[in-house]
Amino acid sequence: MSLLHLAILLPLFASLFIPIIRRSLHRIHTGWFVLAVPVSLVLFFSRFVSEVAAGGVRMEKMPWIPSLGIDFTVYVDGLSLLFALLITGIGALVVLYSIYYLDKKESLHTFYVYLLLFMTAMLGVVLSDNMIVLYLFWEMTSISSFLLIGYWYQKERSRYGAQKSMLITVFGGLAMLGGISILSLLADTFSIREVIAASGAFKDEPFYIAALVLILLGAFTKSAQFPFHIWLPDAMEAPTPVSAYLHSATMVKAGLYLVARMSPVFADTPLWFYLVSGVGMITLLYGSVSAVRQTDLKAILAYSTVSQLGLIMSLLGVGSLSSEGQQDLALAATVAAIFHLMNHATFKGSLFMMAGIIDHETGTRDIRKLGGLAQVMPVSLTIALIGTLSMAGVPPFNGFLSKEMFLTALTDLMHGGVRDLRTYGTILLVLGVVASIFTFVYSLMLVKETFFGKRNELPKKAHEAPVGMLVSPLVLVTLVVLVGLFPNALAKPFIIPAVEAVALKTPKVDIYMWHGFNLELALTILIFGLGAFLVLTLRKWNRQAGAGLFNRIYDASLVYGERSSTGLHDAVMTGYMRSYLVYIFGFIVTIVLSTLWLMDGFSLPDRASDVTAYEMILLGVMLISAVAITFARSRLTSIVLLGVVGYSVALFFVLFRAPDLALTQLVIETVSVALFLLVFYHMPDISRKEERIKFKLGNAAISILVGATVTLVALSALAGREFASISSYYIKNVYDLAGGGNMVNVILVDFRGFDTLFEISVLAIAALGIYAMIKFRKTGGNPR
Amino acid sequence: MLDTILFISLAGVFLSMLGLFYRVVKGPSTADRIVALDSIGISLISVIGLISILLRTSVYLEVILLIGILAFIGTVAFSKYLEKGVIIERDRNQ
């Protein structure tokens, strides 16, 4: 266990003490104590920056289940470090924000325990080298996210959102586990590093594609990609700090992290390129169009997050192109993806916090009710303006730079790509531009509808937020501006090492505002122009959205799944013993007969002993009584006939020379007939009515089939007797070893006395059971 | 020779058992049935005796004794049931 392991587990350990702190120091907001954790982690991880920037990696191993090859291996390279700093840095800001956002009356200890749990999980995801450990932390993020979304569990919408996100992300997580299993079988290791090293060897294996698709399923569900994006808008029922942290900056990027991390394994495969870039682009477009149609601030931001994640995903897809002639393009796309990933975390975090402030100070998040807040909330306006302009891609903020790089990557794909990618590149470019226009529209709509226009009646009297609440978003927007002005400062410490980790090559990073007169510039102008026009005419064409198609599919599938399984259950589990017996016997008959048929197992015994007249007569008696039982009118007749069968069996024992069996059979048969008569005597009069058993074709068929099956099996078994019986040993040794003359009894008490012992206990249990049932009936457990 | 005699005897006992069985099925009163069942038990004794001779063995003599006891107990139990309505009386009648 190294310091790195301790750093990952620090939030987990800290969370153990939160309830104690909350109870003993309840005067001080618990968040202040929690704040120490992410702050110290930021300091800890920033120590690695220079080392990683110099090309170094750090790897620490801690055996966990060595016999299975599962070790808790921490691996720090550019990508992991970038994510770790995002997680801890934004985590610190979010904790600071939450101190002012959450009232002390809330159950703060649960909130911070969940949050710290999530922090450990997220750090574990990005720093693990072992895929099983990665999966473990991955599911931990799902669970802690579930807990945080359902934080206000009294609200029905919170529970719905929590359940939805749980179902979808865990579905993806399980798919990912499948992919991991296949990958580890292919590469014979759980270590991502070794999988990457071995990846060239198993590209042609049949299950390679399955691993690819399954891992992508995990990444797409976690990162809210189309059509699995539906859980993210419903996760907005969480407290705003949670939305800002999990659902914009960190957890939803876990899927992006996974795609980036697995890129070296799958990058050569065209399917990977098409799936990642295509799904990302569809998500980008769908999310940006949907965002325009929302009226709730957080819903707009949620769909915006969906669309921005799609943008990064599509860039990662383009970045995975690695055939010759496209390396520069792919590398540039990867740089753009990493850059935008960082930018998005900054401006989206600040926007969510701004939305939380507005909710906190005005009592509503509905943009139809909000408006004209510019005068009362100037600082919030500044934050919102910088965040949204960056999101819309307006200079001089960082969003502009990454958007330019996005457009450059797409135009390069269209121009410079190999011939067969030209059409695809053009489609991507058109989709990307349309999506950017809508991004511009909803970004400006957000500010315009909230801060400008006429002032409406609000649930609370609006005023500026307390300073503490404004600190975190201000820090973030400062970053937005700084990165926008000095983007290349980030290149050496963060972007280059991260891109090296993804693409395994060193990129040339030179980000600048002015590209000269080219297609990208024209497209940017087009985006701004059309976007501005659409914002001004927003009222004319925009319609509010109902539940989208995929939400309806999700809800319908839940309802249908439940209804159909209930229907199946009701149809199968009838509650009648008869149905279950039909299933059991039907199954036995099907299995045994089909086995006999398929294996060609039936054969007739070639030797049989002679049949004597006595045996024939006795058999006749038994057959007649057995058949008569099924046709008997009264139960009394059935009981008597059953007795006849029993006594005939005793006679058979006599004929087949089994005196001990005959003795026992006679006594037992007498007793059980007496018991049957006892039961009959105590039956209610109504069921003593003489009534023939109703004929049912199904019953008849199954009983005949069961009889036939058993007969066939018995005949075949008799034919297949290949070894001599063991009984000669008993015959030889019954007197010499055991000192007895009666062989049956010697076997029962000497050679195989254990069986007898436990049959004695069976009888004892039966006797006790009967005593208990008679003695303790209908008295509520007390003896009468 | 002996086997033929035994076979004839067995056939006779079987015939008588058939007749008794007819009485069990038809018997107008319960008492008729009980007597018939008792007689079937005794016939079974003779069947087993004959079979023992046929098989040249003496191990079935216990079975004969057992059937004798069972038939007796059964008949007594039935008779008591007919007489008193119960077979085993409770002690707490005082």
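Student: Which residue in β2(A) is the bridge partner of I65(A)?

Tutor: I70(A) is the bridge partner. A note on the basis: this is a predicted model, where local features need pLDDT of at least 70, side-chain atom pairs count only at pLDDT 80 or more, and totals for chains, interfaces and linings use all residues. Residues are numbered from 1 along each chain as its sequence is written, chains are lettered from A and ligands numbered from 1 in the order in which they are written, and side-chain values use heavy atoms, leaving out hydrogens and water.

Student: In what sense do β1 and β2 of chain A pair?

Tutor: Antiparallel, over seven bridges, between β1 (residues 58-65) and β2(A). Strands are DSSP runs of E, at least two residues, numbered from the N terminus, and two strands pair if DSSP finds at least two bridges between them.

Student: What lies over the face of Y75(A)?

Tutor: R193(A), at 3.3 Å from the ring centre. The rule wants NZ of Lys or CZ of Arg within 6 Å of the ring centre and within 35 degrees of the ring normal.

Student: New topic: which residues cluster with W152(A)?

Tutor: F111(A), Y112(A) and Y151(A) form one aromatic cluster with W152(A). Rings of Phe, Tyr and Trp (its six-membered ring) pair if their centres lie within 6.5 Å; planes under 30 degrees apart count as stacked, over 60 as edge-to-face and the rest as tilted.

Key. Helix = DSSP H or I, 4+ residues; strand = E, 2+ residues; numbered from the N terminus.
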